[in-house]
Amino acid sequence: MDQKVDAVVIGTGPGGEGAAMQLAKAGKQVIVVERYERIGGGCTHWGTIPSKALKFAISQLTEALSNPILIESGFKPEPTIAQLTGTAQKVISKQESMRRKFYDRNNVEMIHGHAKFVDANTIQVEDGPTIKTEHVVVAVGSRPYRPPNIDFDNERIYDSDTILGLQHKPKSLTIIGAGVIGCEYASMFRNLSIKINLINGRGELLDFLDNEISDALSYHMRERGVVIRHNENMESVEAVEDGVITHLKSGKLVKSDAILWAAGRTGNTDKLGLETIGLEADSRGYLEVNECFQTKVENVFAVGDVVGFPSLASAAYTQGRAAGKRILGAEAEACQLGSEIPSGIYTSPEISCIGKTEEQLTEEKVPYEVGISNFKHLARAQILRQDVGMLKILFHRETLEVLGVHCFGANASEIIHIGQAVMSDPATNSLEYFINTTFNYPTMAEAYRVAALNGHNRLF
């Protein structure tokens, strides 16, 4: 039976959820179509939640193995890879259950099946209803890009979705691609004493970061024993009886027990029937949108990983809400994202940043100064035995406006939000805020006061 609603949202990841909740709470009739039986998208089931749960499990193990009290008592845990990856399942179940309740409480109908455009106002669900709608929000996410010359059916070759199904601990792992995902897994698996070869097609790690933070990550990885090969690209992959050989375009050969392919992703747009409404995704399956996440088809919006950068779960939810606001009639200014989005990179140690880098400010000829707090001098970091890292504040040397905050170290993804809050409000955005604010002691947040005083002392 055909149905008619105000909006159809395709996908139940953070972007789809944000759009659906924004519209439903405004009294709009919304149907959400999810191709899988389980809701939450890749964020919940294959990406953010399971990988961060694995990181936490490995961090706990690493901490236990280095704890002097446990060492003296002879305690030496040796969990299997399957046990470590399995820790995520309880979290996933809780997240999925919670999200189902969101849809139920807000009277959002959920239909499971593959959605496809018939026209701009009609969605056909495979083995399901045809839905007439005024607006459509495409929130179908992305998947790992798979080159045709790599045999992903081989039991030794993984991508970022399948690596979480790893059952046996390899002695060595080659990670092809040193973006955020590649660097995160390199850190995690090196902490399990797996030998890591990290193949990077660029000249430095995560070159969108402030150079000092990127350098710190490279140094720390190498100190931990990760072999980083910059400016190298894969030519082919050869499976042999006792491992996998990566042939690099430079002529080098790298052999390891297994391979993790982490070089790029592609949007899940190939089976949506976009051609029927005159939309075309780019070569990686991403859709082009304006500042309110509208595609060139006026009533069709796209949010989350399917629009490409920044491909963050946090950003996707905000984008979904922004699209919802626009559908509800908000002016363009009202639906734009309110502040800069912080990046959170769950390497070991973590990285998080917001605002400008030193390189950007130098290029823009902005007279800035730097304030730094090294974690090794913080009492809280010493107590936690997490003294690797730093907080870096970039500020205008004349107005004292905070222009960027960059953090490398334990809890960086949490610490960054203090800087974000200050930077988002013109009334508080000044280095003096950190100097004059009393922070609990001992805390990691105290790094802001230390860094601010350090920077202020550089002025003359």
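**Hairpins, sheets and helix contacts**

Q: What do strand 5 and strand 6 form, and which turn residue has a positive phi?
A: Strand 5 and strand 6 (residues 130–138) form a hairpin with 4 residues between them, and Asp127 in the turn has a positive phi of about 55°. Strands here are DSSP runs of E with at least two residues, helices are runs of H or I with at least four, and both are numbered from the N terminus.

Q: What are the ground rules for the model and the numbering?
A: This is a predicted model in which local features need pLDDT of at least 70 and side-chain atom pairs count only at pLDDT 80 or more, while totals for chains, interfaces and linings use all residues. Residues are numbered from 1 along each chain as its sequence is written, and side-chain values use heavy atoms, with hydrogens and water left out.

Q: Back to strand 5 and strand 6: how many bridges, and in which sense do they pair?
A: The pairing is antiparallel and runs over 3 bridges; two strands count as paired if DSSP finds at least two bridges between them. Gln124 has Thr130 in strand 6 as its bridge partner.

Q: And strand 4 with strand 5, how many residues between them?
A: That hairpin has 2 residues between its strands. Strand 4 (residues 115–119) and strand 5 (residues 122–125) are antiparallel, with 4 bridges. Ala115 stands opposite Val125 in strand 5.

Q: Where's the sheet of 5 strands, what order?
A: The order is 18-19-22-21-20, in an open sheet with antiparallel pairing. Strand 18 (343–345) and strand 20 (368–374) are the edges with a single partner strand each, so one side of each has no neighbour in the sheet. From one strand to the next the twist averages 10°. Angles run from 0 to 180 degrees between N-to-C directions, and axes are lines fitted to C-alpha atoms, for helices over the stretch in contact.

Q: What packs on the sheet?
A: Helix 15 (residues 447–456) does, touching strand 20, strand 21 and strand 22, and its direction makes about 135° with that of strand 20. Contact means heavy atoms within 4.5 Å.

Q: How many bridges join strand 21 to strand 22?
A: There are 7, between residues 389–396 of strand 21 and residues 402–409 of strand 22, and the two run antiparallel. Phe395 is paired with Val402 in strand 22.

Q: What about the sheet of 3 strands, which order?
A: That open sheet runs 12-13-14 with antiparallel pairing. Strand 12 (234–240) and strand 14 (253–256) are at the edges with a single partner each, so one side of each lacks a neighbour in the sheet. The twist there averages 20° from one strand to the next. Strand 13 (residues 243–248) is joined to strand 14 by 4 bridges, with Thr246 opposite Val254.

Q: Switching to helices. At what angle do helix 7 and helix 8 pack?
A: Helix 7 (residues 180–190) and helix 8 (residues 211–224) pack at about 30°, their axes 10 Å apart. That makes the two roughly parallel; under 35 degrees counts as roughly parallel, over 145 as roughly antiparallel, 65 to 115 as roughly perpendicular and the rest as oblique.

Q: Left-handed or right-handed, that crossing of helix 7 and helix 8?
A: Left-handed. A crossing is left-handed if the near helix is turned anticlockwise from the far one by less than a right angle, and right-handed if clockwise.

Q: Which residues make the contact?
A: Helix 7 brings Cys183, Ala186, Ser187 and Arg190, and helix 8 brings Leu217, Met221 and Arg224. By class they are 4 nonpolar, 1 polar and 2 charged. Ala, Val, Leu, Ile, Met, Phe, Trp, Tyr, Cys and Pro count as nonpolar, Asp, Glu, Lys and Arg as charged, and the others, Gly among them, as polar.

Q: How do helix 3 and helix 6 cross?
A: Their axes come within 9 Å and cross at roughly 145°, helix 6 being residues 88–105. Helix 3 passes helix 6 in a right-handed crossing. Ile49, Pro50 and Ala53 of helix 3 meet Ala88, Val91 and Ile92 of helix 6. That contact has 6 nonpolar, no polar and no charged residues.

Q: How many salt bridges does the structure hold?
A: It holds 16, each a side-chain nitrogen of Lys or Arg within 4 Å of a carboxyl oxygen of Asp or Glu. One joins Glu184 and Lys52 at 3.0 Å, N to O. Glu184 lies in helix 7 and Lys52 in helix 3 (residues 48–66), so the pair ties together parts 132 residues apart in sequence.
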